[in-house]
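Student: Could we take a close look at one part of this model together? I'd like to start with the ring-bearing side chains and then move on to the ligand.

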Amino acid sequence: MSANPEAVLNAELDIETVRADFPILHQEVNGRTLAYLDNAASAQRPRQVIDAVSHYYSSDHANVHRGVHTLSQRATDAFEGARAKVRRFINAGSDKEIVWTRGTTEAINLVAQSWGRTHLGEGDEVLITWLEHHANIVPWQIVCEQTGARLVVTPMDDTGQIRLDEFERLLGPKTRMVALGHVSNALGTVNPVRDVVAMAKARDVPVLLDGAQAVPHMAVDVQDLDCDFYAFSGHKMFGPTGIGVLYGRESMLAEMPPWQGGGDMILAVSFDGTVYNELPWKFEAGTPNIAGAVGLGAAVDYLDGIGMSNIANREASLLAHATRVLEEVPGLRIIGTAPGKAAVISFILEGIHPHDIGTIVDHEGIAIRTGHHCAMPIMEHFGVPATARASFAFYNTEEEADRLAQALLKVREMFA
Ligand code: PMP
C-alpha cells in the first residue's frame with residue numbers, strides 16, 4: 001500500500017513517480033494539462049487509496065461490530081485497523097483517543113457541544129484567533145449562545161501571524177478553552193502552537209487544535225504538541241471525503257457526555273436508561289463511514305511511505321519557487337507573508353476581481369480557488385472581499401507554478 005520507495009531520493013521526491021500514483025492529474029482541462037493548485041480545499045487521491053476503497057467494497061463490506069459472520073469481522077478488522085494506523089500516524093497514546101467523524105467540522109462541533117455544553121457557563125470565555133476557518137468559529141459561537149459564554153478573539157498582525165503578546169493578555173481567569181488552527185488555510189501561516197499550548201497549560205486551560213491544513217503537510221505528534229484535542233479531515237490528506245478524525249486526550253473524552261445517540265454508542269439500552277459504550281465508540285453513533293476509514297488508513301500508509309519530512313521539504317522548496325515567480329507578476333500582492341508558511345499563496349491582482357482571475361486561469365487548465373476561503377474575518381483584516389489562492393501538494397511542480405505566473409500575466413493583459 002505504500003508509495004514506491006524509489007520515489008524517495010534522500011530528501012528529494014521523484015516527482016514523476018509520485019505523480020504516476022495520482023490518476024486524476026493526468027488529464028487535460030480546457031485543452032491543457034491539468035495543474036491542480038487547489039489542495040487546501042481538497043487534495044487528490046493516489047491509486048493506493050482508490051484501490052483500498054474499491055477492494056473493501058468488492059470483497060469485505062458488511063456492517064461493523066455487530067456481526068459474527070466473516071464479512072462483518074473482516075469489515076470490523078479493516079475499520080479498526082485503520083483507526084490504529086491513524087493513531088500511530090499522529091502518535092496518540094491509545095486507539096481510544098481516535099474518534100471517527102465526518103471531518104474537521106464535525107470534530108470541532110463534537111467538542112463544542114459535548115465538552116462545551118458541560119463546561120461553559122455565563123461569563124466564561126472561549127479564546128480563538130483572528131486566523132480561524134469558519135469551522136473553528138461558528139461551533140463556538142453556537143455553544144456560547146447556548147451557555148452564555150463569550151467568544152474572545154486574538155488579533156493578528158499584517159503578515160498574518162497571531163499576536164502572541166495579545167494572546168497571553170487575553171488568556172485570563174475566565175478562559176475555559178483555547179481553540180486555534182495549526183495552519184491557516186487562507187494564508188498558510190503556521191501558528192506557534194507549542195507556545196500557545198504552553199501558555200494555556202500553565203493556566204490549566206485545555207487546547208483544541210484545528211489540524212486540517214497541518215496533517216497533510218508536516219509530521220504531527222499530538223503527545224509532543226500536548227494538546228487536548230486535534231481535529232483533521234481525510235479529504236485534505238489524500239484520503240476519502242466524509243471521513244475525519246477527532247483526537248481527544250483520553251482523560252478528557254472519558255468524562256465528556258455523548259454528543260449523538262443511537263446504535264453502536266451503547267452497551268445496553270432499556271426504557272429506564274442507557275449505558276454508553278466505551279471510548280471511542282461512545283462518540284460514534286450509527287453506522288460509520290467504514291469505506292472512508294479504510295481509505296484514510298490507506299492514505300496514512302501512503303504518506304508514511306513517502307515520509308512527512310520529505311513532503312515538508314519538497315513543499316518548502318515549491319513554495320519558495322512559486323513565491324518568487326508570482327512576485328514577478330506586476331501588480332500582484334501576496335496576502336499573508338509570515339515566515340515559515342505552509343505551501344499556500346493567497347494573492348490579489350490590482351484592479352482585477354479574484355473570481356475573474358480564477359475563471360481565466362481555468363481556461364489554461366489551472367485550478368486555483370478564489371473567494372473568502374471560509375475565513376471572512378481574515379479578508380476583513382486585509383480589507384479585501386476575496387483573494388485568489390494557489391495551494392500546493394508534494395505532487396505539484398515548479399513548472400505548474402511557472403504556468404500560473406504566465407497565466408496571470410495574460411490576465412493582466414486582458415484587463416489592461
Ligand atoms: N479548518 C481548516 C483550517 C480548513 O482548511 C478546513 C477546510 N477548508 C476546515 C477546518 C473544515 O474542514 P472540513 O470541511 O473537511 O470539515
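Student: How many aromatic pairs does the structure hold?

Tutor: Happy to look with you! This is a predicted model, where local features need pLDDT of at least 70 and side-chain atom pairs count only at pLDDT 80 or more, while totals for chains, interfaces and linings use all residues. Residues are numbered from 1 along each chain as its sequence is written, and side-chain values use heavy atoms, leaving out hydrogens and water.

The structure holds 11 aromatic pairs (rings of Phe, Tyr and Trp, for Trp the six-membered ring, with centres within 6.5 Å; planes under 30 degrees apart are stacked, over 60 edge-to-face, the rest tilted). Take Y56 and Y57: their ring centres are 5.5 Å apart and their planes stand at 55°, so this pair is tilted. Y56 is buried, with a relative accessible area of 1%, whereas Y57 is exposed, at 53% (buried means under 20%, exposed over 50%, partly exposed in between, with a 1.4 Å probe and protein chains only). Elsewhere, one aromatic cluster is formed by F22, F238, Y302, F394 and Y395.

Now for the ligand. Among the residues surrounding it are H133, N185, D210, Q213, S233 and K236 (each with a heavy atom within 4 Å of it). H133 places a polar side-chain atom 3.2 Å from a nitrogen atom of the ligand, and K236 has one 2.7 Å from a ligand nitrogen. An N or O atom in the side chain of Q213 lies 2.7 Å from an oxygen atom of the ligand (a polar contact pairs N or O atoms within 3.5 Å). Taken alone, the ligand exposes 390 Å², and the protein buries 84% of that (areas by the Shrake-Rupley method with a 1.4 Å probe).

Terms used:
A polar contact is a pair of N or O atoms within 3.5 Å; within protein, one must be able to donate a hydrogen and the other to accept it, and residues adjacent in sequence count only if both atoms are side-chain atoms.
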